[in-house]
Amino acid sequence: MPTTALERQCTLLLPGETSGPVKVEDLMKQLESKKDEDKIEAMKSIITGIIHGEELGRLLMPIIKFCTQSNNHTLKKLLLIYWEILDMYGEDGKLRPEMILVCEGMKKNLVHPNEYVRGSTLRFLCKLREADILQSLIPSITANLEHRNAYVRKNAVLAVFHIFNKFPTLIPDAADLIERILSSEVDSAARRNAFLMLFHASEQKAMAYLYSNLDQLPSLGESFQLVALELIRKVSRSPAFAAVKSRYLRCIYTLTEYPSNPVAYEAANTLISLSSAPIAVRRAVTAYTRLLSAESDSSVKLIILGRLRQLRKRHGSVLSDMVMDVLRSLTTPNNDIRRKTLELCMRLLSPRNVQNVVSVLKKELMKTDSPSHEDSLEYRKILVDSLHRCAVKFPEVVPAVVHLLMNYVGDENTAGAKDVILFVRHIVEEYPKLRVSILNRLLENFDEIRSSDVYRVALWILGEYAEEPAVLDVALRTVRDLVGPLPFVPAAEADPADQDGGEDEKGDVKTETKSSKREQKSKVLADGTYASQSAAPALESEAKEEEDESESETKLRALLLSGDSFLAACLASSVTKMVLRFCKIRKHGTLASNSQLAKGLLMLTSLLRLGEHQAKAKAKLDRDSRQRILTCIHALLHPEAVEEAFLAKCRERFHGMLQTYKAIDNADEGEDLDDHKEVDDVIAIRQLSAEKELHDVNADEAGVKKAVGADANTLDINSKLSRVYQLTGFADSVYAEAYLTVLDYDILLDILVVNQTDEALQKLTVELNTSGDLKLSDRVQEHTIAPHESKTINVSIKVSSTESGVIFGNIVYSTAKGVDKKIVVLNSIHMDIMDYIHPATCTDVEFRSMWAEFEWENKVSVNTDFTDLSEYLNHIVKITNMKCLTPDVEQYRECGFLAANLYACSIFGEDALLNLSVEQHKSGKITGYVRIRSKTQGVALSLGDKITSNQRKDAKPAAK
C-alpha cells in the first residue's frame, strides 16, 4: 500500500525496524500455530510490514480464521490495530466481503464478559469511518451504554458521539438516548462524555440538563465543569439565555474560586464574555492574578498576562485598581514574565496607584543587590527602565526615584548603568528644579563610574546643566581630579626624535630595550673567583613607580590612557562648555576666567598629544575625535564668538529630540486603544437584533479578526487576488488554483480543483510536500469529481520559524477506463517572509544591544533610481514591512546624507534589524548600503533579497 494511502487510512502509526522483507509463508505458519505467543509475534510482524508499505493482503483470511477466535487480550488488541491500518476496500472501490466476518468478531467483542475487551473495541469504533460496518454494530454499541462497568459506559458514549458526528442517520435518536443515560450516570468520566455528546447533538437538551443541575455544578468534577463552561459561552448569545443569565453568573462566581486552575481560568473567561459589569470584571481579574501567583508553568503565566493586556483595552480602570495584585508575579525567577508584567503595569499607572507601584519597584531594586539573587543584572535593568517610565509619566515620584537610581551609575552591568544615566539626563532636562540636587549627587558618585558609555553621558550632563556657580566649580574640580596630573605625555617623551632611539635611515623609530639599560658589575664569590652580575636598579624603580601609579589612577584616566577616542572627544566638549559658562558668569578677561581658560587648554592639548603618542596610548586618536578636540581648542581661544553655539544650540536639539520621542510614545499608546466609532455609525443592540443578525454585533469582530489572521475589512481586492496562486495550466486535464491565508502559526490553503475532462475522476487527491520550516498538519482525503465539476480542498500547514519555505506537490487521480494512476505536477508556492514580519518598536539602547549580539548580517548595495532620500527610506519601509526608529528624517533632505534604523519582529519573536546609510551626490544619484542583522540566517537573507529585487521605482514585485 502506498505511504500516502496508509497514512490516510490509519490514525495510529507504530515505529519499527525490519531486518528484511517479510516472508508470507513464515507468517502463515506462525498464524496457524496453536500457541498465542507465535500468533502475537506474527501479528506484530504483519503490522510493522504494512506500515512500511508491504502488500500483505493475502493474510487477511488466515488472520480472521486463526486469530479472531482467541481470547488472548494482547492478541485482541493487536487485531484492533490491524483493522485500523487495513484498507477495507477492494480495487473496485467496494467494501471487501471478508469484512462481514470482521463485523461478527467485533460483535462478539462487544458482548465479551471482560470489560477491557469491550472498552478497547468501543474505542476502536470511534476511529472507524465505514458506515456499512458500523450499521450492523449499532445495537451492540447502544446496549453497552447501560453496562455495569464505568469504563465500558464511558467508551460506549464516545463511540456513539463519534458515530453520530460522522453518520447522524445511523443513530437518529442519539440525543434522547444520551439524555436518558445522563440522568442516571454517576461516574464523572462517563457523565462528562455523555454531556459533551449532548452538547454537540442538542444544545437545548444540554442546557436543560445543566440548568436543572446548576447548583451541583461545583461538585461534578473538573472535566464536566470545563465542558459546561464551554456550553455556557456558546449559548450566551441566544435571546433565551438572558432570562436565566443571573443564575448562571452566580454559579460562575463560585467557579472562579475553584481549587482547579484550569476551571478557575475558564470560569474567568466565561465571566468576562457574559458580563462587562465592574464587579464581574474585578472577580475575573482576581482569578487571573491568583493564577499568576499559584501557577508554576511559565507558559500559563504568559497566557494570563496576555489575557490581562486584552482586558486593559476595555476595562482599564478596573485593572488599574488591582495593579498591586498583578505585581505579585514579580516573584517568579523568569525575567521574560517580569518584563511583560511590568509592561502591563506601566500601562495601568494612575495618580492613585503610582506611589504604591514605585514602592514595590524600589524594594525589588534593592533585592537585586543581594549576591544570591538570580539574574540580578538583567532584572535590575528591567526595573530601572520601569522606574524611568514612572518618573516620566508622573513628576511627583521623581525625587523619590532619581536619588535611588543614582546609586547604580557605577553598576558592573554596563547596560543597566547606561539606562540609569540616560534616565538622569532626561530628568535633568524635564525638571529644572531638581538639577542642583541631581548634579551634586552625580558628582558624589562620579568616581564610581566604570563604563566609558556612562562617562560620556555623565560628562555631557555636566557640560550642559552645570549652571550654578557652586556646582560649576565643583564639576570642574572633580573632572580635573579624575583626569589626573597633566600633561599625560611629559615634554621629554613628546618628541621621539629627541630621544636616543630616534629614527633610522628608513624612518622607523628605534626603541631602547630594557636590556640596554642594564648595568654590568663584577662580584667576588666565596671561592675568590670573579663573576659578572646584571643589575637594573633604575628599571626596577621605574617599574615600581608605574605599578603604584596604575593602582592609584582613576577609572576615567585609565580609559583615556587605553585609547578611548570617543571618550576623549566627549571630555573635551564637556570641559569646553563648562569653561565657556564659567567665563560667561565671571565675565570675559578676568583673572579667574583666564585661569580656567588656561587649565582647559592644557587639558585639551594634553588629550591631543596623548592620542598622537603611540607609546603612551594603546590606540591612536581617530580623525573625527581629533577634529572635534581641535574645534574645542579653537572655541577656548575665541570664547565670545562660539559661546551661543556651544551653550544654547546643543540643548535646543536635545529638547527637540525628547519632544519627538514623547510624541512617538503617545502615538504608540494610542494604537493600543480600540478604534472610536463615528457619531453617525449604526448602534448594534443585541437584544433588539434578530438571531440571524447576531454575527454582525461588535462583540464578534475580534473573533473574526483572529480567525482570518488580520482585519478582513482592510484587505482590498488586489490584496486578495495577490494571494491566489495558479497551480496548473489551463490545458491540463485538472485545473487547480490555491488561495493562501496566513494565520500566525498556520497556513491555510483553499485549493480549487476543476475537472476539465468528459469523464469522472476517481480517487483524486492532492499530495503536497514542503521544504523549510513548514509541516503538513494532515493528509488530504480522496475525492471523486464528476465531469466539468469542481471541488474545494482545504489543507493546513504548520509554520515554526520565519524561514523562506516552498510548498510543492502533484495531483494524483485515476479514471474508470484506466487502471494506472495519472499525475499532474503542481507549480510550487514560495512563502513570502512579509507574511510573518510585523512592524515593531524598541529603544535605541535595545537596538544597539541587539545589533552587537546578532551574528548574521546581510549587506546590500544601494542601486536605485530614487533621487530623494526620504522617499527612498519610505520605499524601504514599505517593501520590508518594518518601522523606522529614527525620528525627524525630513531634516536629511538638506544635508545630503541619511542614516536610519528600522526594526521589525516576527510572529515567532525573532527580531530583524536594518540600518540604512546612504548619501546623495550632486548628480542626484543615491549610493550607500543597507545592512540587515538577525539571529537567524533565513531572515537576513530573505530581507536582503526582498530589497535587492524591489529597490527601484520600476521594479515589479518578486514572484512568490
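This is a predicted model: local features need pLDDT of at least 70, side-chain atom pairs count only at pLDDT 80 or more; totals for chains, interfaces and linings use all residues.
1. Helix α11 spans residues 174–184 and has a clear buried set: Ala-174, Ala-175, Leu-177, Ile-178, Ile-181 and Leu-182. These residues lie on the same side of α11, because the arc they cover around the axis is only 160°. Ser-183 and Ser-184 are exposed and sit on the face of α11 turned away from its buried side.

2. Which helices are included in what covers the buried residues of α11? Among them are α9 (138–143) and α10 (150–166), together with α12 (188–201) and α13 (203–212).

3. Helix α15 (residues 245–255) and helix α16 (residues 261–274) form a further point of interest. Their axes come within 9 Å and cross at roughly 150°. Since angles over 145 degrees count as roughly antiparallel, α15 and α16 are therefore assigned to that class. The crossing of α15 past α16 is left-handed.

4. The contact between α15 and α16 can be stated by residue. On the α15 side, Lys-245, Leu-249, Ile-252, Tyr-253 and Leu-255 take part. Their counterparts in α16 are Val-263, Ala-264, Ala-267, Thr-270, Leu-271 and Leu-274.

5. An open sheet is formed by five strands, in the order β3-β4-β5-β9-β7, with antiparallel pairing. At its edges lie β3 (724–726) and β7 (774–776), each of which pairs on one side only. On average, neighbouring strands of this sheet are turned by 30° against each other, direction ignored.

6. How many bridges join β7 to strand β9? The two pair over three bridges in the antiparallel sense, with β9 covering residues 790–799. Within this part of the model, Leu-774 stands opposite Val-799 in β9.

7. Thr-770 belongs to strand β6, which runs over residues 761–771. Is Thr-770 buried, partly exposed or exposed? Its relative accessibility is 24%, and Thr-770 therefore counts as partly exposed, given that buried requires under 20% and exposed over 50%.

8. Thr-770 and Ile-807 are 37 residues apart along the chain, yet their C-alpha atoms are separated by 4.6 Å. With residues up to four places away in sequence not counted, Thr-770 touches Lys-775, Leu-776 and Ile-797, as well as Val-806, Ile-807 and Phe-808.

Note on methods
Residues are numbered from 1 along each chain as its sequence is written. Side-chain values use heavy atoms; hydrogens and water are left out. Two strands pair if DSSP finds at least two bridges between them. Helices (H or I, at least four residues) and strands (E, at least two) are DSSP runs, numbered from the N terminus. Axes are lines fitted to C-alpha atoms, for helices over the stretch in contact, and angles run from 0 to 180 degrees between N-to-C directions. Buried means under 20% relative accessible area, exposed over 50%, partly exposed in between (1.4 Å probe, protein chains only). The arc is that of the directions from the helix axis to the C-beta atoms. Contact means heavy atoms within 4.5 Å. Angles under 35 degrees count as roughly parallel, over 145 as roughly antiparallel, 65 to 115 as roughly perpendicular and the rest as oblique. A crossing is left-handed if the near helix is turned anticlockwise from the far one by less than a right angle, and right-handed if clockwise.
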